[in-house]
Amino acid sequence: MAQPSLPDSLTRLLAALPKAELHVHIEGTLEPEMIFALAARNGVSLPYDSVEALRRAYAFTDLQSFLDIYYAGASVLLHEQDFYDMAMAYLERAVADHVVRAEIFFDPQTHTARGVAMQAVIGGLHRACQDARQRWGISAELILCFLRHLSEDDALATLEAALPWRDRFIGAGLDSSEVGHPPAKFARVFERARAEGLHVVAHAGEEGPPEYIWQALDILKAERIDHGVQAVHDPALMRRLAEERIPLTVCPLSNQKLRVFPDLRQHNLPALLEAGLCATINSDDPAYFGGYINDNFAQTFAATGMVAEQAYQLAANSFEASFAPESEKSRWLEQLKR
Ligand code: ADE
Ligand code: ZN
């Protein structure tokens, strides 16, 4: 199918707008070339002969088919320097897309289960955030995610193991296989995270039902919902999200690749904005889904016919939804004034 095209002026606007990225899994930024380079550096063997063979395996049918490959890719990460290199590569790419604020998810259980030290994971990622701020001026923070296909006890132990580095992450989140693992399963660990003063977010309503979004709000007290696109099936939930300005971090190319919306032209992002929700555009796992944040903007605008007004709205929403200090948020919002 021919790619719908955008007017040049809108293409330039989408690329140049300052924006916050609030939903990116750092393990999902590992490009195939870096997977192979780290495998060689660390003596890890991969079940693929080449970068091209690995890329060919990126033909997903749903969330689980992606997660199986994504966890295999992360197996090359062993040392602090690996986490640093991965995060610096993402941050440099984000700066090129005029991301001025990144709130980055990481999955410690994916690594600690393989014997990698928590210190290596958090140390490498945090050092990259600091260096990127120094080098490029980007504001970057970390959000620790629990894998929902594992037990709540495992999540609790993970949080305890990370708390010696409490000052190096700003929030806790919930990701991995959604259906069959409702937010309610993680009530205690989120209570513990909130008691530590962490911000809390949760993936909900990506493939799962609106009920999971209600649970994320009422039981976990999530401040933002990651994805949340299934909310449209519940008018009362839509009213609540709009009235309370609870942000949704929407990831259009992810939704297309994982067949939540197989055709981007059918994506409900315009409807979410029309209903007054604080929706944002993000890349989720850009190395796997065919594009970074500006590709998500460009392809979604081309497919749905959104215009400049929505571009400014989405950028403003990203700053409103961010956990950055109010002073930084108002400075970025000021930059959007025309
Ligand atoms: N982990 C990485 N990407 C994810 C997604 N889209 N949904 C749930 N867990 C994830
Ligand atoms: Zn995600």
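Helices (H or I, at least four residues) and strands (E, at least two) are DSSP runs, numbered from the N terminus. The model is predicted: local features need pLDDT of at least 70, side-chain atom pairs count only at pLDDT 80 or more, and totals for chains, interfaces and linings use all residues. Residues are numbered from 1 along each chain as its sequence is written, chains are lettered from A and ligands numbered from 1 in the order in which they are written, and side-chain values use heavy atoms, with hydrogens and water left out.

View 1. Asp263 sits in the loop that joins α12 (252-257) to α13 (269-274). Asp263 is partly exposed, at 22% relative accessible area; buried means under 20%, exposed over 50%, and partly exposed in between (1.4 Å probe, protein chains only). Asn268 belongs to the loop between α12 and α13. Its relative accessibility is 8%, so Asn268 counts as buried. Leaving aside residues up to four places away in sequence, Asn268 touches Val229, Val232 and Phe261. Contact means heavy atoms within 4.5 Å.

**View 2. The open sheet of 8 strands.** The strand order is β1-β2-β3-β4-β5-β6-β7-β8, and the pairing is parallel. Two strands pair if DSSP finds at least two bridges between them. β1 (19-25) and β8 (279-281) are the edge strands; each has a single partner strand, so one side of each lacks a neighbour in the sheet. From one strand to the next, the twist averages 25 degrees. Strands of a sheet pair through backbone hydrogen bonds, either parallel or antiparallel.

View 3. Parallel pairing of β1 with β2 runs over 5 bridges. Here Val24 stands opposite Ile104 of β2. β2 also pairs with β3, in the parallel sense, over 6 bridges. Arg101 faces Ser139 in β3 as its opposite residue. Of the 8 residues of β2, 7 are buried, and the strand is mostly covered. Strand β7 (residues 248-250) joins β8 through 3 bridges, again in the parallel sense. Thr249 has Thr280 in β8 as its bridge partner.

**View 4. The enclosed strand β4.** In strand β4 (residues 171-175), 5 of the 5 residues are buried, so the strand is largely enclosed by the rest of the structure. Gly171, Gly173 and Asp175 point one way, Ala172 and Leu174 the other. In a regular strand the side chains alternate between the two faces of the sheet. Strand β3 (residues 139-147) runs parallel to β4, joined by 5 bridges. Cys145 is opposite Gly173 in β4.

View 5. The axes of α16 (residues 308-321) and α17 (residues 326-335) come within 9 Å and cross at roughly 175 degrees. Axes are lines fitted to C-alpha atoms, for helices over the stretch in contact, and angles run from 0 to 180 degrees between N-to-C directions. The two helices, α16 and α17, are therefore roughly antiparallel, the word for angles over 145 degrees. Ala316, Phe319 and Glu320 of α16 meet Lys329, Trp332 and Leu333 of α17. α16 lies across β1, β2 (99-106), β6 (224-227) and β8, and runs at about 105 degrees to β8. Buried residues of α16 include Ala311, Tyr312, Leu314, Ala315 and Phe319.

**View 6. Helix α5 and its packing.** Buried positions in α5 (residues 80-96) include Phe83, Tyr84, Met86, Tyr90 and Leu91. The buried residues of α5 pack against β1, α2 (32-42), β2, α6 (108-112), α7 (118-136) and β3. After α5 comes His98, with a positive phi near 60 degrees.

View 7. Most residues other than glycine have a negative phi, and most peptide bonds are trans. Lys221, not a glycine, has a positive phi near 60 degrees. Lys221 lies in the loop between α10 (210-218) and β6. Lys221 is partly exposed, with a relative accessible area of 45%. Asp284, also not a glycine, has a positive phi of about 65 degrees. Its place is the loop between β8 and α14 (286-289). Asp284 counts as buried, at 3% relative accessibility.

Notes
Parallel < 35°, antiparallel > 145°, perpendicular 65-115°, else oblique.
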